[in-house]
Amino acid sequence: MKVKFNRWYNAVLTALLSMLGYGCSSTEEPLDMYGPPVEYGTPHADFIIKGRVMDESGTPVQGIKTSLKKVFENNNKHYALGVDSVQSDVSGNYQLKSTDRQNQYDKVIVEDIDGEANGGEFLSDTLDVDYNKAVKTKDGDGKWYLGIYEITQDVKLKKKP
Amino acid sequence: MKPTPLTLRKKLALELWRQKENILREEHPLKQLFWECTLRCDLRCRHCGSDCKMQPESNDMPKEDFLRVLDSIAAKTDPHKVFVIVSGGEPLMRRDIEECGRAIYEKGFPWGMVTNALHLTPQRWQGLLQAGIHTMAISLDGLAEDHNWMRGNGQSFQMVSQAIDMLVATEGFVFDIVTCVNRRNYPKLDDIKEFLISKGVKRWRLFTVFPVGRAAFDPDMRLTNEEFRGVFDYIKKVREEGRIRADYGCEGFLGNYEGEVRSRLFSCQAGVTVGSVMADGSIAACASIRADYNQGNIYEDDFMEVWENRYHPYRNREWMKKDECSQCKYFRYCRGNGMHLRDGDGKLLFCHLHRLQET
């Protein structure tokens with residue numbers, strides 16, 4: 001409750017500061033809940049990973065769970081951090097969002113979670129997010145925020161034998 | 001511009017900012033973590049606040065020891081939201097710095113580095129990029145003659161210039177150039193600015209020397225009152241030009257210059273959002289704060305335990321309201337200036353506002 005109040009109050013204070021003409025100060029380095037970095041910023045961008053889930057014949061498959069995970073390796077062990085997940089829609093489309101700098105170990109886990117429904121039961125698959133395919137769709141602010149990038153990756157699932 | 005009395009608009013803004021800062025102090029989220037990865041340094045700069053040597057008495061901290069600190073942090077907070085700043089000494093003196101960076105990155109922490117660039121060869125730059133480096137701050141204190149004088153090395157300017165070319169050519173990489181303004185380079189700030197703009201640099205941070213380290217005894221380092229005030233007028237002018245983004249460093253409450261020479265109003269973030277792990281394992285805040293204010297040691301304490309439960313002198317600064325601060329009506333906005341400007345007895349070493357008021 002206290003945290004929620006603080007966030008609300010902080011947003012009000014930020015808005016009032018903007019009204020006083022400190023809008024440019026606020027936007028040059030985003031005044032988020034915790035204020036801007038002291039001496040250094042963190043470059044970051046929004047990534048949208050999207051595509052279509054299909055069966056082997058190219059027919060869209062609805063209801064397939066797609067999960068974006070960041071995988072870290074340390075001392076030969078792998079750790080996965082879930083970022084976003086969504087089910088494919090009636091046209092087989094999925095769209096996942098991540099705010100981060102690109103990470104070469106990002107993966108999309110594709111899983112059939114509804115059994116025989118929606119075209120049968122499919123084997124799971126894993127896609128490596130290919131950041132080389134990232135296309136910028138919105139510019140950043142010329143400072144720490146680098147903009148929005150989209151990566152399109154379709155997937156064809158094999159049916160379970 | 002007169003530093004005081006504050007205009008009504010400025011006063012209102014500072015009151016609002018103060019409320020925001022109160023929330024921040026209450027929540028004290030760790031946002032930036034300095035790691036003093038070595039005390040070794042390949043330069044002997046005139047102004048340096050630390051006491052680094054080519055061959056220090058102590059060895060560098062093994063990277064595994066620092067990584068354990070990161071594990072402690074990751075257990076309590078999202079590592080993506082804590083930025084690790086590798087500093088020194090000179091970080092590139094460590095042969096394994098790329099390995100350290102990669103390990104930090106793989107634990108999910110963004111990281112950057114403060115460097116003098118003397119050993120930033122194209123090969124090492126590629127290694128750092130592969131290790132996931134996010135940002136870099138490079139020191140440049142003048143054009144060739146002045147910079148090399150300040151740094152005490154005839155090759156230093158050339159290496160910085162080469163490093164800037166490499167960084168500018170790396171698409172999307174964000175970095176800034178940090179300049180220590182002193183009596184010698186003060187009249188030539190425009191030359192430095194034009195040099196940086198011609199190179200494609202977008203961010204330039206200027207700071208003035210504070211009286212610790214070697215600078216405390218060097219008259220060439222200390223600006224006159226007029227020059228000191230002139231630095232802020234200069235930054236204000238450069239910001240208005242809009243050709244390069246200039247900022248004054250994070251220290252010092254500046255009266256009516258607040259909001260004009262920095263992209264934020266003043267508050268010292270040490271111990272509020274900024275922590276550090278020093279070369280000997282001490283748990284502190286910004287790297288230039290005296291050891292008297294250390295809060296623990298990673299070889300004896302859990303970092304996050306310390307972060308959550310100590311740091312009282314940093315988060316409640318009422319104790320600073322003494323001596324010249326005791327009657328100061330601007331204390332409510334300044335809160336005693338930067339933590340690094342307090343000596344071992346808690347006395348204030350330097351008041352930016354008083355200095356500005358003296359001209």
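## Ground rules

Angles under 35 degrees count as roughly parallel, over 145 as roughly antiparallel, 65 to 115 as roughly perpendicular, and the rest as oblique. Axes here are lines fitted to C-alpha atoms, for helices over the stretch in contact, with angles taken from 0 to 180 degrees between N-to-C directions. Helices (H or I, at least four residues) and strands (E, at least two) are DSSP runs numbered from the N terminus.

This is a predicted model, where local features need pLDDT of at least 70 and side-chain atom pairs count only at pLDDT 80 or more, while totals for chains, interfaces and linings use all residues. Residues are numbered from 1 along each chain as its sequence is written, and chains are lettered from A and ligands numbered from 1 in the order in which they are written.

## Confidence in chain A

The pLDDT (the predictor's confidence in each residue, from 0 to 100) averages 77 over chain A, and 72% of its residues score at least 70. Strand E9 (residues 155–157) of chain A comes out highest at 96, while helix H1 (residues 2–28) of chain A is lowest with a mean of 72.

Residues 24–42 of chain A stay under 50, and the model has 50 contacts beyond four places in sequence for them. A contact here means C-beta atoms, placed from the backbone, within 7 Å. Where pLDDT is low, the predicted coordinates should not be read in detail.

## Two helix pairs in chain B

Helix H2 (residues 63–74) of chain B packs against helix H3 (residues 97–106) of chain B at about 20°, axes 11 Å apart, so H2(B) and H3(B) are roughly parallel. On the H2(B) side, Lys63(B), Leu67(B) and Leu70(B) make the contact; H3(B) brings Glu99(B), Cys100(B), Ala103(B) and Ile104(B). That set splits into five nonpolar, no polar and two charged residues (Ala, Val, Leu, Ile, Met, Phe, Trp, Tyr, Cys and Pro are nonpolar, Asp, Glu, Lys and Arg charged, the others, Gly among them, polar).

Helices H5 (residues 144–151) and H6 (residues 156–169) of chain B cross at roughly 115°, their axes coming within 8 Å, which makes H5(B) roughly perpendicular to H6(B). Their contact residues include His147(B) of H5(B) and Phe157(B) of H6(B), and divide into three nonpolar, three polar and one charged.

## The sheet in chain B

Ten strands of chain B form an open, mixed sheet ordered E7-E6-E5-E4-E3-E2-E1-E8-E9-E10; two strands pair if DSSP finds at least two bridges between them. Strands E7 (245–248) and E10 (296–297) of chain B are the edges, each pairing on one side only. E7(B) pairs in the parallel sense with strand E6 (residues 203–208) of chain B over four bridges, and Leu206(B) stands opposite Tyr248(B) in E7(B).

Definitions and conventions: Two residues are in contact if their C-beta atoms, placed from the backbone, lie within 7 Å.
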